[in-house]
Amino acid sequence: MRLHIGHHFYGAGNVGDDLMLAGFLAGVAQSGLEVKLTCSVPFELAPLKLRYPQVEWLHYTREIRQAAIRDCDAWIGVGDTPFQVSVGSWFYDHLIGEIATCQQHGRRMYYVGIGVDDETALRAPAARTIIAAATHIWTRDDWSAQLLGNVYDRQTLTAGADLAHAYLADVKWPAPETGVLGLVLNFEDAKQFQPAAIAQLIDCARSKQTVRWLVQEVRDLEGSERQLLSMIDAASRPTDIRLPDYENAPTAAALVQSWGVPEAVVTSRYHGGVIAAWAGARPVLIERAGKVAALANQLRTARVPDFTDAARILSALPTAVPVPRQRLTALAATARANVADLITRVADDLSARCASLQ
């Protein structure tokens, strides 16, 4: 079986992307079937080849992508939030092009472990086109499945779990570090945070604990961890900054283990919350988007609506508790089952096509 991974953001520099891919590959390996994988990305291939030799990594040119889709048995959208418009139309633009090539070569399209950013994203005309072209979709939470179910055939829609769970379940974690508070912060909307509030929380927390600045996105993007750090008053900036070695880390686990395990983690990042939960930290999620609110519901964690009031977050921290391991292992089992179901469906489709040719 030959599958083409059609999402193209791997290697960009976001640790969450690596975790989803690693979870998918773990599920594929567990299937026991021989599966050849290809993926085209517009980023440096060397780090991906190092961490994921199971995939044939290709450059992101129109000709290479068309050939990979022509030669595959199915196109697979693996992880993340294709239904989003908060950071532009780049994802929709890419997927519309992929749909045209898949239809040209008669290739079915599947999505596994994917989410919806918010209801607004589904109002875009491109969203309807993408949904209509999908043979089956496995979401990463019930909330995304509910939103998609309003515009999609529920018989070809399965509520599932994020693929990162399938990988993080096998990562070995040290005990949480007493007296350490981790911050993983990213905001697309400037109204959702105030640098002064972040500085105030850091200053207040320092009286009792170490504050550690955790970086999930290694690029210096607008609103991301590295830029936010530069916006905080110099006297309040944490000195313990954990930036994953994205170029040289041999595994996805090495990327997340660079953070250590803070006793508590305040995060507006979806996968920041997932990592904190698996590491045994006490997470407080900042609901910067519907997907983060959905994760807070799924994990049943403490949450706040934004980072404009340090006192509100300081009040939430004592209420935060570790996510029960049983809840997490159930999500990991669901994610693996979603990948197994995908592989089975593609295999059955191939068998049916072969039978029809005889």
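## Cysteines

The structure, a predicted model, holds zero disulfides, a disulfide being a pair of cysteine sulfur atoms within 2.5 Å. The sulfur of Cys-72 has its closest cysteine sulfur in Cys-102, and because the two are 6.3 Å apart they are too far from each other for a bond. Cys-102 is accordingly in no disulfide.

Cys-72 is buried, with a relative accessible area of 2%, and Cys-102 also counts as buried, at 0% relative accessibility; buried means under 20% relative accessible area, with a 1.4 Å probe and protein chains only.

## Aromatic pairs

The structure holds eight aromatic pairs, where rings of Phe, Tyr and Trp (its six-membered ring) pair if their centres lie within 6.5 Å. One of them joins Phe-9 and Phe-91, 5.7 Å centre to centre with 75° between the planes, and this pair is edge-to-face (planes over 60 degrees apart).

Phe-9 lies in the loop between strand S1 (2-5) and helix H1 (15-31), while Phe-91 lies in helix H4 (residues 90-105), so the pair ties together parts that are 82 residues apart in sequence; helices (H or I, at least four residues) and strands (E, at least two) are DSSP runs, numbered from the N terminus. Phe-9 is buried at 4% relative accessibility, as is Phe-91 at 0%. Phe-9 and Phe-91 also belong to one aromatic cluster with Tyr-10, Trp-57 and Trp-90.

## Charges over rings

Arg-65 lies over the face of Tyr-60, 4.2 Å from the ring centre, and the charged end of Arg-140 sits over the ring of Tyr-270, 3.9 Å from its centre. Such a charge is NZ of Lys or CZ of Arg within 6 Å of the ring centre and within 35 degrees of the ring normal.

## Basis of the values

Residues are numbered from 1 along each chain as its sequence is written, and side-chain values use heavy atoms, leaving out hydrogens and water. In this predicted model, local features need pLDDT of at least 70 and side-chain atom pairs count only at pLDDT 80 or more, whereas totals for chains, interfaces and linings use all residues.

Conventions. Buried means under 20% relative accessible area, exposed over 50%, partly exposed in between (1.4 Å probe, protein chains only). Rings of Phe, Tyr and Trp (its six-membered ring) pair if their centres lie within 6.5 Å; planes under 30 degrees apart count as stacked, over 60 as edge-to-face and the rest as tilted.
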